[in-house]
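Here's a quick briefing to read with the structure open beside you.

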Amino acid sequence: MTPRTSVVVVGGGIAGLAAAWELSGAAQGPTASTPRIELIESSGHFGGALRRAEFAGRTIDLGPDGFLARRPEALTLARELGLDEELVPICASGASIWLKGALQELPGGLALGVPTSAKSLKSLKGLTWSSRWPAWRDEHAPRTMKVTEDVSIGSILRRKLGSELTYELIEPMVGGIQAGRVDELSAEAVFPALFAAAQRGGSLMKALRADTGAGAGAAERVLGPLFMTLRGGVASLVEELVRQLRERGVVLRQNASVSAIRPTPSNLYPWEVDTDDTATGASAVILATPAPTAGRLTSTLDGSLTDLTSVNSAGAAMVTFVFDARDTTLPPTGTGVLIPLATAWNDDVMMTTAVTFLDRKWEHLRREGEVLVRAHVGRIDDRRSEALSDEALVARVRDELATVLARVGAPLASRVQRWPEGLPQYYVGHVQLVARARQALAPYAIRLAGSAYDGVGIPASIGSGRRAAREILTQVDVATPT
Ligand SMILES: Cc1cc2nc3c(=O)[nH]c(=O)nc-3n(C[C@H](O)[C@H](O)[C@H](O)COP(=O)(O)OP(=O)(O)OC[C@H]3O[C@@H](n4cnc5c(N)ncnc54)[C@H](O)[C@@H]3O)c2cc1C
């Protein structure tokens, strides 16, 4: 008798869970041909950085607090899970930047922090006059640059727009999202529109204006809100997903770390997925772990897969505060503040890279007389926060906020959440590294999924997990180890 097809998903972050959802029939639900599905997660928690907690009378997310709504994947999954009514749009826009000791409102029409017209910089104080010249030049007599293969985001920006705009204005946004450095991050993988514009030649700003629609003004009205969340927190998506997967009979295991994936062609199943005390037979495997783990688990199949172990990740800490609205003053508008790297502070450099005004973004988090603020700390090359206790980190970040914001009182409540290695870094050559790994695994029924490969962020991770599952569902019968 042919055994029932068995698929093991390794890693219970949002990518692994989304893969299990797709394998179990997605919105339509399981059928007679749905495989047995087992998801194995090494920690005691499903969802990775998607996690929520009660804090000062609200349910807040401890990791991501929203997702890009102009990509369909997270919205679609929420709707498939029946969470339509829980979706809420962001209710503020704009942001400020801390430049040369003062808060400045960011100009409109930025594409991932890159200005799309020289004119838009006119109102931005805190930049030297000479920094504006490269922007004017880019529009009228753009510098040439030969880009035939992947380069760093920083090398394109410096050549086209000069160092000051690169490090003071653009890096805080694009580098901040990745907790990385523009001089290391791959243009092709992290900012494809910038890479394509640089390859085409001509004005970078004009190309981005056309490509991304930045500066179109009415984009929000036409395309809907840029970001969304769920009333109970983004993490409620995971909790509902886990509940419905269990209902479908998916086996969800926690506190079990996968230690090996072994070809067992003479057994009932062609693969065996091992943890310390179990061995699960599998027709196919989806690896939705960080890339180094995937590399270690597959390197015996093809030596080139060890390259995956070189994918670094940055850690971050988020410090959330409730302040009394009477003694804390935020800028009049905007969702938060960006702080350029290496911003001097006392005899040191600021640890805070960005500040988010959570209750401005999300209406349901507002409470009369209070202000809910979150500071983001840490970058790939700044691990200073790891050496501080939670108490010391709260005190340090509050003092930094007191510099950046007009007035900051004593916190009514605070909470530190640390995310060691939460943000994979796509260095120059990342697209090729991932393509080589996928090619090496192509002969086998093993697929890679998650934020290490197809884009950092919730929508990209969901899309990656579901794509891997669809590939397995269509290829599993033919894919056996040799
Ligand atoms: C601080 C922070 C803020 C963020 N903010 C946003 C935001 O606002 N919006 C947004 O869209 N995105 C945001 N992101 C990014 C987003 O959270 C991630 O891209 C996404 O959650 C990644 O999901 P994943 O499933 O690919 O990876 P992960 O969540 O890392 O899941 C991988 C899982 O594999 C497990 N695992 C590892 N090794 C093994 C093993 N040997 N066996 C079994 N299991 C194993 C891990 O325990 C983990 O649960 C943020 C990330 C961080 C860290």
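How are H4 and H5 oriented to each other? They're oblique to each other, since the axes of H4 (residues 153–161) and H5 (residues 163–178) cross at roughly 140 degrees and the roughly antiparallel label only starts over 145. Keep in mind that this is a predicted model.

**H4 against H5**
- The two axes come within 8 Å, and the crossing of H4 and H5 is right-handed.
- On the H4 side, the residues making the contact are Ile 153, Gly 154, Leu 157, Arg 158 and Leu 161.
- Facing them from H5 are Ser 163, Leu 165, Thr 166, Ile 170 and Val 174.
- Sorted by class, that contact of H4 with H5 has 6 nonpolar, 3 polar and 1 charged residues.

**H1 against H10**
- Helix H1 (14–23) and helix H10 (residues 235–247) have axes that come within 10 Å and cross at roughly 35 degrees.
- This crossing of H1 and H10 is left-handed.
- H1 brings Ile 14, Leu 17, Ala 20 and Trp 21 to the contact, and H10 brings Val 238, Leu 241, Val 242 and Leu 245.

**The largest nonpolar core**
- The largest nonpolar core has 139 residues, and the members touching the most others are Ala 19, Val 285 and Ile 286.

- In H2 (residues 73–80), the buried residues include Glu 73 along with Ala 74, Leu 75, Leu 77 and Ala 78.
- Those buried H2 residues pack against helices H1, H10 and H15 (458–475).
- Strands S5 (67–68), S6 (87–89) and S11 (227–230) pack against the buried H2 residues too.
- Just after H2 comes Gly 82, with a positive phi of about 80 degrees.
- In H11 (residues 291–298), you'll find Ala 291, Ala 294, Gly 295, Leu 297 and Thr 298 buried.
- The cover over the buried H11 residues includes strands S13, S16 (284–287), S23 (413–424) and S24 (446–448), plus helix H14 (430–441).

**Pro 263 in S13**
- Pro 263 sits in strand S13 (residues 260–263), and it counts as partly exposed because it has 16 C-beta neighbours inside 10 Å.
- Pro 263 and Tyr 444 are 181 residues apart in sequence, yet their C-alpha atoms are 9.7 Å apart in space.

- Ala 26 has a positive phi near 50 degrees without being a glycine, and you'll find Ala 26 in the loop between H1 and strand S2 (36–40).
- With 16 C-beta neighbours inside 10 Å, Ala 26 is therefore counted as partly exposed.
- Glu 421 isn't a glycine either, and its phi is positive at about 55 degrees; Glu 421 lies in strand S23.
- Glu 421 has 12 C-beta neighbours inside 10 Å, so Glu 421 counts as exposed.

Note on methods. Residues are numbered from 1 along each chain as its sequence is written. This is a predicted model: local features need pLDDT of at least 70, side-chain atom pairs count only at pLDDT 80 or more; totals for chains, interfaces and linings use all residues. A nonpolar core is a set of buried Ala, Val, Leu, Ile, Met, Phe, Trp, Tyr and Cys residues joined through C-beta atoms within 7 Å. A residue is buried if 20 or more other C-beta atoms lie within 10 Å of its own, exposed if 12 or fewer, and partly exposed in between; C-beta atoms are placed from the backbone. Axes are lines fitted to C-alpha atoms, for helices over the stretch in contact, and angles run from 0 to 180 degrees between N-to-C directions. Helices (H or I, at least four residues) and strands (E, at least two) are DSSP runs, numbered from the N terminus. Angles under 35 degrees count as roughly parallel, over 145 as roughly antiparallel, 65 to 115 as roughly perpendicular and the rest as oblique. A crossing is left-handed if the near helix is turned anticlockwise from the far one by less than a right angle, and right-handed if clockwise. Two residues are in contact if their C-beta atoms, placed from the backbone, lie within 7 Å. Ala, Val, Leu, Ile, Met, Phe, Trp, Tyr, Cys and Pro count as nonpolar, Asp, Glu, Lys and Arg as charged, and the others, Gly among them, as polar.
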